[in-house]
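Hi,

Here is the structure I promised to send over. Have a look first, and my notes follow below.

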Amino acid sequence: MIRLALASALSDRQAEGKVIVVDDWAFETPKTKDALAALTALGVAGRVLLVVDTNDTNTIRSFLNLPEVQLIEVGELNAYDVLCSDYVVFSKATLPSTKDGE
């Protein structure tokens, strides 16, 4: 039931064109300025749910100080947070379909 709700919420955001997948963040050092520039380049505005890998500390630290960005680990992804966000941003490493196949 929980997976179905998550799938439905993600489908809703995808239908609106508000699910974005990037190849990799690849921040060499954590910089909030670079994180903001990345979101601007993606055309993302408003509340953003950023799905991160717990081992990607540079990405986490880069986005941590942006008040409109909520960071969530891939294992904690849930329908409520998806629906409360304007955009959902994944890296290829954090896509649910790639994690389910492990």
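**What I found**

In α1, the buried residues are Leu6, Ala9, Leu10 and Arg13; buried means under 20% relative accessible area, exposed over 50%, and partly exposed in between, with a 1.4 Å probe and protein chains only. Seen down the axis of α1, they fall within an arc of 95°, so they line one face of the helix (the arc is that of the directions from the helix axis to the C-beta atoms). Leu4 and Ala15 are exposed on the other side of α1.

Before going on, the ground rules: this is a predicted model, where local features need pLDDT of at least 70 and side-chain atom pairs count only at pLDDT 80 or more, while totals for chains, interfaces and linings use all residues. Residues are numbered from 1 along each chain as its sequence is written, and side-chain values use heavy atoms, with hydrogens and water left out. Helices (H or I, at least four residues) and strands (E, at least two) are DSSP runs, numbered from the N terminus.

Back to α1: this helix covers residues 2-15, and its 14 residues reach 20 Å from first C-alpha to last, close to the 20 Å expected at 1.5 Å a residue (the expected span is 1.5 Å times one less than the number of residues). Glycine 17 follows α1, with a positive phi near 75°.

α2 has its own buried residues, namely Ala35, Ala38 and Leu39. Seen down the axis of α2, they fall within an arc of 95°, so they too line one face of their helix. The face turned away from that buried side carries the exposed residues Lys33, Thr40 and Ala41. Among the elements covering the buried residues of α2 are β2, α3 and β3 (69-73). After α2 comes glycine 43, with a positive phi near 75°.

Now the inside. A nonpolar core here is a set of buried Ala, Val, Leu, Ile, Met, Phe, Trp, Tyr and Cys residues joined through side-chain atoms within 4.5 Å. The largest one has 16 residues, of which Trp25, Leu39, Val48, Leu50, Phe63 and Val69 touch the most other members. Two or more residues each come from β1 (19-22), α2 (32-42), β2 (48-52) and β4 (87-91). Leaving aside neighbours within four places in sequence, leucine 39 is in contact (heavy atoms within 4.5 Å) with Val44, Val48, Phe63, Leu66 and Val69. A second, separate core of twelve residues includes Val19, Ile72, Ala79 and Phe90.

What about the aromatics? Rings of Phe, Tyr and Trp (its six-membered ring) pair if their centres lie within 6.5 Å; planes under 30 degrees apart count as stacked, over 60 as edge-to-face and the rest as tilted. That rule gives three aromatic pairs. Tryptophan 25 and phenylalanine 27 have ring centres 6.1 Å apart and planes at 5°, so this pair is stacked. Phenylalanine 27 also pairs edge-to-face with phenylalanine 63, at 5.8 Å centre to centre and 70° between the planes. Phenylalanine 63 is buried at 0% relative accessibility. Ring pairs join Trp25, Phe27 and Phe63 into a cluster.

Beyond its neighbours within four places in sequence, threonine 59 is in contact with Trp25, Phe27, Leu50 and Val52.

Cheers
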